[in-house]
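Colleague: Can we go through the open spaces in this one, then the rings and a strand?

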Amino acid sequence: MAAPSSHEFVLTLACRDTTGIVYAVSGLLYQAGCNIIDSQQFGDVTGEDATGLFFMRVHFIAPPHLADATQLETLFGHVRQQYGMDLRFHPLARRARLLLMVSQHGHCLNDLLFRWHSGQLPVEIAGIVSNHPTFAELAASYKLPFHHLPLPTGSSAEVKRAQERQVEALIAEQQVDLVVLARYMQILSQDFCQTLHGRAINIHHSFLPSFKGAKPYYQAHARGVKLIGATAHYVTADLDEGPIIEQDVARVDHALSAEDLTATGRDVECVVLARAVRWHVEHRVLMNGHKSVVFR
């Protein structure tokens, strides 16, 4: 895959749905000499839960004199104000910086590291954080910083918050764009969730709320489930209820053991999380209240 040029950008926007938005955006890009490669839009205007918002993603190449996000934002100043847009320009030559967080199940971590190392996931990884030392050697094999920030069983809210502040310091120091909870099995505080708003993705199995707690795949096996799946979503203070980015399922049957179900479920978790991360760093996901718009 060829690396994006310094002139390639993605424009994302959200505003109240009304007439003329696409014309205004595409017309301004045309007048500025930009070449639109791909454009997608969606108006959430039908149904009882419609937000009335309009979303747009435009991938374009800017002329040399406009190859800077600040200049493009100035160019769109009037249109932004006219429509009340939340409008952003993302230079594709800059790769998003990720911080990966994990506890003691390493399948998602290992999958993301392989995709990154093999060039399938175009990001930079700033480091790995864990409350256990389990994956220190894995991090070292990829020459990545590993930060062991322990949380003893039964840690108080104050101790947990102090540990989260260490993570926040890392995020600021390393200029992290996205935090990925690759099976990080700790409940985050409301303050931490607010700090990470819109820039933290979590993955979990899709048995919730039916099978909570330890060994959910074993619980599912005992009930004879026929579909298992995974959900990737943005992190919010409402546990496992943030805007969903991606989901997938796999069909299973009575012939599979509980261990087989667990292995299948972990495969689905890896794929779903990788898709969600990729779509986020490609600026394909826009939050729409309690849900999301994903331009694939």
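**Pockets, strand and rings**

Modeller: The second largest pocket holds about 950 Å³ of space. Of the 37 residues lining that pocket, R183, M185, H204, H205 and D240 are the closest to its centre. This is a predicted model, where local features need pLDDT of at least 70 and side-chain atom pairs pLDDT 80 or more, while totals for chains, interfaces and linings use all residues. Residues are numbered from 1 along each chain as its sequence is written, and side-chain values use heavy atoms, with hydrogens and water left out.

Colleague: What counts as a pocket, and how is a volume taken?

Modeller: On a 1 Å grid over the protein atoms alone, a pocket is an open set of points with protein on both sides within 12 Å along at least five of seven lines; a cavity is a set where a 1.4 Å probe fits but cannot get out, and lining residues have an atom within 4 Å of a point. Points are joined across faces, edges and corners, and the volume is the space filled by probe spheres set on them.

Colleague: Which element gives the most to the lining of the second largest pocket?

Modeller: β9 does, with 4 residues. Strands here are DSSP runs of E, at least two residues, and helices are runs of H or I, at least four, numbered from the N terminus.

Colleague: Is β9 (residues 200–205) mostly covered or mostly open?

Modeller: Mostly covered: 6 of its 6 residues are buried, meaning under 20% relative accessible area with a 1.4 Å probe, protein chains only. A200, N202 and H204 point one way from β9, and I201, I203 and H205 the other way. In a regular strand the side chains alternate between the two faces of the sheet.

Colleague: What does β9 pair with?

Modeller: Strand β8 (residues 178–181), in the parallel sense over 3 bridges; pairing needs at least two DSSP bridges. L181 stands opposite N202 in β9.

Colleague: Now the rings. How many aromatic pairs?

Modeller: The count comes to 4, taking rings of Phe, Tyr and Trp (its six-membered ring) with centres within 6.5 Å; planes under 30 degrees apart are stacked, over 60 edge-to-face, the rest tilted. The W116 and Y142 rings have centres 6.1 Å apart and planes at 50°, so that pair is tilted.

Colleague: Where do W116 and Y142 lie?

Modeller: W116 is in helix α4 (residues 107–117) and Y142 in the loop between α5 (136–141) and β7 (146–148), so the pair ties together parts 26 residues apart in sequence. Y142 is buried, with a relative accessible area of 18%.

Technical notes:
Buried < 20%, exposed > 50% of the residue type's maximum accessible area, 1.4 Å probe, protein only.
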